[in-house]
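Please keep the sequence and the 3D view at hand while reading.

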Amino acid sequence: MQEARSHPHSIIIVEDDQALAANLSEQLRLFNYDVHAFHDLEGLPTVVRALNPAAIVMDVIFPNGDLAGIEAIAAVQRERTTPLPVIFVSQRDDFAARLAAVRSGGHAYFTKPVDAGRLIDALDRLTGSEENQPLRVLIVDDDTDFGQQCAQSLEAAGMIARAIADPRETLEQLQAFQPDLVILDMYMPLCNGKELASIIRQQDRYVAIPIVFLSAETNRQQQQSALSLGADDFLAKPISPSELVAAISARATCARHIRRFLIRDSLTGLLNHQAVEEELAREFARAERLNQPLAIAIIDLDHFKRINDSYGHVVGDQVLRSFARLLQQRLRKSDLIGRHGGEEFLIALPNTSLVEARTLIDTVRSSFAALRHYGPAGMFSVTLSAGIAGYPQHRSQISMMQAADQALYQAKREGRNRVVVDTTGQESVPMVKERSEIPSTVPAPTWRALVISANGIQRRLLRQALGAHGLMYDMIDNVERALTYEAPIPPNLLLVDMTQIEGQRTSHLVLLRERFEKARIITVAPVAAEPRAATTVAFGADDYLLTPLAPGALTALLDRLSASERSHE
């Protein structure tokens with residue numbers, strides 16, 4: 001499975017207390033940060049230039065001065081055109097120290113002992129780890145050319161847009177595309193815009209989605225009539241691209257914030273109970289439609305009531321937030337993560353076998369057990385228990401949920417701090433901790449790749465990586481040519497540039513799936529575009545690969561695919 005962040009952010013810790021530095025380094029690495037610890041200020045500017053870190057965690061007091069750390073940061077920041085994010089940690093909590101920290105370019109300040117959870121929250125915020133998904137806009141207009149022009153204008157502004165000409169496809173597209181906003185033409189054959197707005201508003205799940213009319217209608221009474229049906233705005237044609245982007249961006253952003261409030265748990269930021277079950281229903285239907293595996297895990301934090309009773313609910317809430325952050329760091333953007341209630345969490349892993357799910361969740365379990373939390377009496381740790389079940393072992397969502405729940409109770413009966421995989425709907429699944437231990441008599445498949453990309457840099461990187469693995473491959477510029485590609489041995493691995501299969505080209509995924517029905521489809525995208533790459537997985541890609549390739553990234557991908565192939569044998 002693709003990790004949520006394949007390229008860990010590099011962090012420098014400068015702390016003369018070596019035990020504290022080691023502890024902080026260990027905690028940050030659990031959250032996928034690449035940590036470099038130093039115990040004095042000597043050569044700090046040189047170290048910063050060499051490592052170019054995403055952030056610095058700096059002590060304030062050193063043997064050479066009570067503000068030596070702050071002074072060292074001020075010197076580093078003076079050398080830079082763009083200031084580095086800096087978090088200070090110190091025994092000092094006086095105004096003078098805090099003022100000096102701000103003046104030196106500090107972004108956050110924590111007093112010792114440092115709560116690792118709060119430190120990680122601050123790092124995620126400062127390093128941009130809390131990435132925002134692009135806004136999604138559905139356009140319904142029978143003028144195909146105009147609809148495509150609108151989509152192109154919105155996509156040029158960083159949104160994901162999809163235009164359809166037949167209003168009868170709207171409900172299907174609302175479910176499949178899940179837009180943040182819908183643009184409707186007023187006058188269309190078969191169904192006019194006002195009728196279509198009424199149909200949308202009759203669906204409970206779409207009551208809050210913004211509807212914007214975009215029409216040549218100038219009659220004010222007609223415009224008011226359209227708005228009275230539940231639409232949020234009326235834009236007149238013709239409209240400039242900049243005006244369209246400004247109006248749609250403002251509406252869609254506001255709607256997303258409101259929707260987030262409605263579907264997200266206020267404490268952890270994860271999907272709430274209702275939202276995660278609704279999303280799970282969609283993933284289950286998709287798994288059935290594509291005949292792909294789906295694994296779910298129900299996770300419960302062990303003896304959590306004791307934590308609240310012993311340390312108070314404030315500390316208990318911090319434990320829940322830390323666990324939620326760990327899940328977000330370790331899982332893919334396309335995976336579903338929800339707080340199912342209290343200290344129970346529900347995770348759905350699309351296109352993931354039970355063996356892969358067992359390995360992943362056990363890794364999360366061991367990482368969480370190693371995490372240290374800060375309470376009134378000092379540091380403490382928490383463990384978790386998990387039950388896993390999946391499709392196609394269970395042919396209904398209810399049956400799958402019940403099986404995962406029973407596996408969770410089995411884990412608790414057996415002593416907690418363990419992961420149990422349901423075996424009631426299948427033959428026994430090996431209980432393994434590492435991928436290398438997975439027993440298999442089925443040889444790994446021989447991969448033959450077809451690269452579909454016109455990006456010269458991307459092609460060169462993939463050529464080098466595939467050659468280093470001794471894989472046979474061909475390269476083609478675009479999907480249209482790939483659909484007519486013939487080879488004595490058909491490819492079973494498609495590496496597709498993301499721009500070929502996103503936005504208006506999402507249908508290319510379906511065409512590739514039909515043409516190469518036995519092949520795995522992998523989206524290739526730059527690291528900065530990972531949220532968009534995850535979207536292609538939601539629409540049918542099997543996984544994604546980020547460039548520039550991290551060491552071992554292609555090997556890990558091939559291992560995941562091979563394990564999945566074995567699990568289907």
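A charge sits over a ring if NZ of Lys or CZ of Arg is within 6 Å of the ring centre and within 35 degrees of the ring normal. In this predicted model, Arg515 meets that rule, lying over the face of Phe516 at 4.7 Å from the ring centre. Arg136 is placed over the face of Phe177, and here the distance to the ring centre is 4.4 Å.

Rings also pair with one another. A pair of aromatic rings is described by the distance of the centres and the angle of the planes. Rings of Phe, Tyr and Trp pair if their centres lie within 6.5 Å, and by this rule the count comes to 4 aromatic pairs. One of them is formed by Tyr311 and Phe380, whose centres are 4.3 Å apart; their planes stand at 15°, so the pair is stacked. Tyr311 belongs to helix α12 (residues 304-311) and Phe380 to strand β15 (residues 378-380), so the pair links distant parts of the chain, 69 residues apart. Tyr311 is partly exposed, because its relative accessibility is 26%, whereas Phe380 has 9% and counts as buried.

Another pair is made by Phe323 and Phe345. The centres of these two rings are 4.9 Å apart and the planes are at 75°, so the arrangement is edge-to-face. Phe323 is part of helix α13 (residues 313-330) and Phe345 of strand β13 (residues 344-350), so their pairing ties together parts that are 22 residues apart in sequence. Phe323 is buried, at a relative accessible area of 0%, and for Phe345 the value is 0% too, so this residue is buried. Ring pairs join Phe323, Phe345 and Phe368 into a cluster.

Next come the cysteines. How many disulfides does a search of the whole structure find? The search finds 0. Cys150 is buried, with a relative accessible area of 3%, and Cys191, at 12%, also counts as buried.

The last stop is an open sheet of 5 strands, with parallel pairing and the order β2-β1-β3-β4-β5. At its edges stand β2 (34-38) and β5 (108-111); each has a single partner strand, so one side of each is left without a neighbour in the sheet. On average, neighbouring strands of this sheet are turned by 20° against each other, direction ignored. Strand β4 (residues 86-90) and β5 run parallel and are joined by 4 bridges. Phe110 in β5 is the bridge partner of Val89. Helix α3 (residues 68-78) lies across β3 (55-59) and β4, and runs at about 170° to β4.

How values were computed: Residues numbered from 1 in each chain as written. Predicted model: local features only at pLDDT ≥ 70, side-chain atom pairs only at ≥ 80, totals over all residues. Heavy atoms only, no water. Phe/Tyr/Trp six-rings, centres within 6.5 Å; stacked < 30°, edge-to-face > 60°. Helix = DSSP H or I, 4+ residues; strand = E, 2+ residues; numbered from the N terminus. Buried < 20%, exposed > 50% of the residue type's maximum accessible area, 1.4 Å probe, protein only. Disulfide = S-S within 2.5 Å. Pairing = 2+ DSSP bridges. Axes fitted to C-alpha atoms, helices over the stretch in contact; angles between N-to-C directions. Contact = heavy atoms within 4.5 Å.
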